[in-house]
Amino acid sequence: MPLGGRIQFGPGMLSASLPRRLLSTVISPSPATSPRSISIGTSNSCGFSTRGARKKRSCISWTLSAATPADMATNSGSALTKLAPLEAILFDIDGTLCDSDPIHFCAFRDLLQQVGFNDGVPITEEFYSATISGGHNDDLARALFPDMDHQKAMQFMDDKEALFRKLAPGQLKALDGLHELCGWIEGRNLKRAAVTNAPRANAELMLSLLGLTDFFPVLVIGSECDRAKPFPDPYLKALQLIDASPEHTFIFEDSASGVRAGVAAGVPVVGLTTRNPGKVLKDAGASLLAKDFQDPELLSVLQQVEPADANAQG
């Protein structure tokens with residue numbers, strides 16, 4: 001049963017209403033279009049491939065003077081270097097501050113199977129990445145359950161988020177280099193905000209588990225804006241609340257939806273390839289791709305845009 005037993009579905013009753021494109025993805029994902037291969041690499045306890053997960057790199061010193069020279073940053077970072085002097089950085093949360101997708105995948109997979117989605121056949125990682133990851137709950141409820149009463153579909157989403165919050169404390173980990181980057185930001189008194197489509201309860205829990213509750217003076221929730229990502233409203237609201245100029249700000253995002261929101265807000269975006277393929281983020285408009293917060297190309301760009309009066313602090 002879903003959490004609390006609040007949703008009652010008969011086995012198989014959802015598969016008939018699932019769009020053919022989505023159903024075929026669940027049953028037989030195409031190897032040619034799959035961003036990852038489940039058969040390669042290790043898996044976590046939820047069965048989610050860790051091929052895209054970042055390994056710890058203790059040999060990298062988070063010091064800008066040791067970064068790759070600027071002329072090696074060929075990853076379209078020119079849009080970012082024009083931001084100097086940097087004033088602010090905006091962060092998505094899920095998949096950006098932390099690799100939370102495996103936890104979300106577990107929650108969706110288990111609850112969808114319990115309610116008879118696709119005749120009880122578990123969703124695949126490919127289906128999750130292509131159809132669910134980065135989406136706003138209201139949109140996901142309509143896409144996954146197009147023929148269901150929307151209030152009932154949203155109750156399923158609420159149950160899924162409750163399960164995520166139950167699983168997260170034992171599994172959520174910061175992306176490599178995150179805390180070093182936060183220290184660099186604090187040392188330069190840069191403005192910052194967290195901007196997410198996640199429900200407020202999820203967002204506050206993740207920030208707490210990462211030790212970043214006090215680091216972000218502003219937390220913007222997509223559902224509390226007129227429109228959530230991929231619309232620009234959440235990022236425009238964040239810029240207004242921290243009084244930052246888009247000409248001296250950039251965004252960290254990991255999903256195509258989030259990248260499009262940042263670009264629509266007129267702010268350059270660094271796409272983190274935590275789970276989504278770089279091409280997907282590039283096609284959405286990312287100005288730079290980075291594996292994590294220790295990526296040498298990212299460090300090179302930061303060296304070029306940091307405030308002039310902070311150079312002596314490095």
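Modeller: Let us begin with a single residue. Asn118 has a relative accessibility of 4%, and because buried means under 20%, Asn118 counts as buried. Please bear in mind that this is a predicted model.

Biologist: Where is Asn118 placed, and what is the phi of Asn118?

Modeller: Asn118 sits in the loop between H3 and H4. Its phi is positive, about 55°, although Asn118 is not a glycine.

Biologist: Which other residue has a positive phi without being a glycine, and is that residue buried or exposed?

Modeller: Asp243 is such a residue, with phi near 55°. Asp243 belongs to the loop between H9 and S4. Its relative accessibility is 59%, and exposed means over 50%, so Asp243 counts as exposed.

Biologist: How should I read the packing of the two helices H3 and H4?

Modeller: Two packed helices are described by the angle between their axes and by the distance between the axes. Here, the axes of helix H3 (residues 101-114) and helix H4 (residues 125-132) come within 11 Å and cross at roughly 105°. Angles of 65 to 115 degrees count as roughly perpendicular, and H3 and H4 are therefore roughly perpendicular to each other. On the H3 side the contact is made by Asp101, His104, Phe105 and Phe108, and on the H4 side by Glu125, Tyr128 and Ile132. Of these contact residues, four are nonpolar, one is polar and two are charged.

Biologist: What is the order of the strands in the sheet?

Modeller: Strands of a sheet pair through backbone hydrogen bonds, either parallel or antiparallel. In this chain, six strands form an open sheet with parallel pairing, in the order S3-S2-S1-S4-S5-S6. Strand S3 (219-221) and strand S6 (288-290) stand at the edges with a single partner strand each, so one side of each has no neighbour in the sheet. From one strand to the next, the twist averages 25°.

Biologist: How many bridges join S4 to S1, and how many join S4 to S5?

Modeller: Strand S1 (residues 88-91) is joined to strand S4 (residues 249-253) by four bridges, and the two run parallel. Three bridges join S4 to strand S5 (residues 269-272), again in parallel. Phe91 has Phe252 of S4 as its bridge partner.

Biologist: Is S4 mostly covered or uncovered?

Modeller: S4 is mostly covered, with five of its five residues buried. Thr249, Ile251 and Glu253 point one way from the strand, whereas Phe250 and Phe252 point the other way. Helix H12 (residues 296-305) lies across S4 and S6, and runs at about 130° to S6.

Biologist: Which peptide bonds are cis?

Modeller: Two examples may be examined in the loops. The bond from Ala84 to Pro85 is cis, with omega near -5°, and Pro85 is in the loop between helix H2 (78-81) and S1. The bond from Lys229 to Pro230 is also cis, with omega near 20°. Pro230 is found in the loop between S3 and helix H9 (233-242).

Biologist: Finally, how many helices and strands are there, and what percentage of the residues is buried?

Modeller: The chain has 12 helices and six strands. Of its 314 residues, 53% are buried. The chain exposes about 13500 Å², of which carbon and sulfur atoms supply 52%.

Key. Residues numbered from 1 in each chain as written. Predicted model: local features only at pLDDT ≥ 70, side-chain atom pairs only at ≥ 80, totals over all residues. Heavy atoms only, no water. Buried < 20%, exposed > 50% of the residue type's maximum accessible area, 1.4 Å probe, protein only. Areas by Shrake-Rupley, 256 points an atom, 1.4 Å probe, with all protein chains shown as cover. Pairing = 2+ DSSP bridges. Axes fitted to C-alpha atoms, helices over the stretch in contact; angles between N-to-C directions. Contact = heavy atoms within 4.5 Å. Parallel < 35°, antiparallel > 145°, perpendicular 65-115°, else oblique. Nonpolar A, V, L, I, M, F, W, Y, C, P; charged D, E, K, R; others polar.
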